[in-house]
Amino acid sequence: MPSDSKWSEEKIIDAQRMVENARDIGDLLPPSLAHAADAFRGSAPALDAAGPLNLPDLDQQRDVVRSADVIRVTGKERVMEVFEDAAQHYSVSGYAERMEDSLGLIYLGLDGSDKRYGEQAWKSNAAISAVAAEEAFRLAFDKTRNAIDQQGIAPGDAEKLSVRVLAALCTHWFGLPDGVHMMEGGFGLDTAHPPKCPGDFAFLSHSITELSPDAKRAWSGMVKGHLLRLSVRQFVTGHHRDGTTPDGTLTRALFKAFPGQADLLARTIVGVMMGMLPTVQLNLLAVLEIWKRTNRYDALAAAFAAHPSEDLYKKACAVLEEPLMQAMQMRPTPGSVWRTAAADHLLNGEKVSKGDRIHVSIESATQEDLRKGVTDVTPIFGGSRGREPHPTHACPGYRMGMGILLGIIAGAMTSPAPVTSAAPVAPGTA
Ligand code: HEM
């Protein structure tokens, strides 16, 4: 039975009404978005302009802590042990259940042992991995300069800039937003058709990958996921009917990978966009905010301008990449993900029972590295596909994502108006 049969027209209208009646965007923002919002409003407590970040102490002896049926896992070693999952103790079946009520099942919700995982993931991940960091960088740089120079977006308006550039990149790679089935738009409460890119993907992603989203946020993300699936399915069936393929290079690869499977194709397009959008956008906003508060932005822009290389990409890698990674380590998105224990076992001596939910604190792993002076963003990507064996779900978009981040930052830095002159913008107003 298709999972969207669970969604009656009435249920969607109810959900829309509830979301639209929420008093304020802050009522619905997931913590990761709320953090970006706080940062932009100047109230994020841990980002101290006067000195280094106030990183919490990590108790290395207790990196596996139970409370009720949730096991909290912290610290680099233990977090990577769960991601790598050598004994296949950890399942993403909890994601699958949430997806069924929303965008529909895609391979991020299937364990590696399920043969559908390989069938769905292989071609899709290969197409994503084939996008080189340099290609992503150059495209993101051009779109950023275009948004600033031709469309008058202030480089200091980081949120608005990120919305415009990410929507333009998605149109290039996915053929969406196309102004018909999906529109450009930032974080917002409305759940009207057509859905918005990148804004609606953040709520959707949060409702799946956050272990305990509150009911309103989960509901909002589920509604948006459902609406995205319906809209993208119309986009797909339109192309199937007309015998055409969309312009987006990644979407074209996905059309080839899932011939004649309109719903699976639509879900996968939504799922891949969901992988890219909130992660890139929220890491970007957090990094720019951290650099602003620690007075690093201007110094990095000056170092970038002074670097002798004429190749923008090489220059960005030389000057910006390491500081970018370090700032990402401070406030990563996602800050955590979760799994369900598939068998009774011991994790660093702590008893884990089948069905326990495992909260994997990526933030604790990256902050531990920062304290030790280690620059490593792989936990933020769920591990590295460069290692064999690699975690099943490790992000295939690592190079693409880092290229986009560097491209947008370099584009904003080379524009005449500094990012630091920006007036704060709260999510929901873009
Ligand atoms: C800063 C950028 C990015 C970050 C931080 C990031 C982070 C992550 C993380 C943590 C996971 C694993 C989730 C889990 O194990 O629970 C993941 C998986 C995934 N990401 Fe990314 N991602 C980024 C960019 C991208 C991009 C650019 C794309 C595609 C265009 C993408 C597509 C995916 C997909 C399809 C998966 C699922 C892989 C699988 O299950 O085989 N991501 N990402």
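The shell around the ligand divides into 14 nonpolar residues, nine polar residues and no charged residues; here Ala, Val, Leu, Ile, Met, Phe, Trp, Tyr, Cys and Pro count as nonpolar, Asp, Glu, Lys and Arg as charged, and the others, Gly among them, as polar. The model is predicted: local features need pLDDT of at least 70, side-chain atom pairs count only at pLDDT 80 or more, and totals for chains, interfaces and linings use all residues. Residues are numbered from 1 along each chain as its sequence is written. The protein chain holds 17 helices and nine strands, which are DSSP runs numbered from the N terminus (helices: H or I, at least four residues; strands: E, at least two).

**Ligand surroundings**
- The ligand is surrounded by 23 residues, the closest being Gly275, Gly382, Cys395, Gly397 and Gly401; a residue is near a molecule if its C-beta atom, placed from the backbone, lies within 6 Å of it.
- At least two residues of this shell come from each of helix H6 (115-129), helix H12 (262-293) and helix H17 (398-413).
- H12 gives the most, with six residues.

**Chain as a whole**
- Of the 430 residues of the protein chain, 54% count as buried (buried: 20 or more other C-beta atoms within 10 Å of the residue's own; exposed: 12 or fewer; partly exposed: in between; C-beta atoms placed from the backbone).
- Among contacts with a separation of 6 or more, 70% involve residues 24 or more positions apart; a contact requires C-beta atoms, placed from the backbone, within 7 Å.

**The five-stranded sheet**
- Five strands form an open sheet of mixed pairing in the order S1-S2-S9-S6-S3, where two strands pair if DSSP finds at least two bridges between them.
- Strands S1 (64-67) and S3 (90-91) stand at the edges with a single partner strand each, so one side of each is left without a neighbour in the sheet.
- Strand S6 (residues 336-341) pairs with strand S9 (residues 357-361) in the antiparallel sense over five bridges, and Thr340 has Arg357 in S9 as its bridge partner.
- S1 is antiparallel to strand S2 (residues 70-73), with four bridges; Ser67 stands opposite Val70 in S2.
- Helix H16 (residues 362-372) lies across S6 and S9 and runs at about 30 degrees to S9 (axes are lines fitted to C-alpha atoms, for helices over the stretch in contact, with angles from 0 to 180 degrees between N-to-C directions).

- In helix H14 (residues 312-319), Tyr313, Lys315, Ala316 and Val319 are buried.
- These residues cover an arc of only 160 degrees around the axis, which puts them on the same side of H14; the arc is that of the directions from the helix axis to the C-beta atoms.
- Their cover includes helix H7 (133-150), helix H13 (297-306), helix H15 (321-330) and H17.
- Leu406, in H17, is buried, with 25 other C-beta atoms within 10 Å.
- Residues touched by Leu406 include Phe137, Ala316 and Leu324, not counting residues up to four places away in sequence.

**Backbone exceptions**
- Most residues other than glycine have a negative phi, and most peptide bonds are trans.
- Ala68, in the loop between S1 and S2, has a positive phi near 55 degrees and counts as exposed, with 7 C-beta neighbours inside 10 Å.
- Asp85, in the loop between helix H4 (76-84) and S3, has a positive phi near 50 degrees but counts as buried, with 20 C-beta neighbours inside 10 Å.
- A cis peptide bond joins Leu176 and Pro177, with omega about 0 degrees; another cis bond runs from Glu388 to Pro389, with omega near -5 degrees.

Notes. Two residues are in contact if their C-beta atoms, placed from the backbone, lie within 7 Å.
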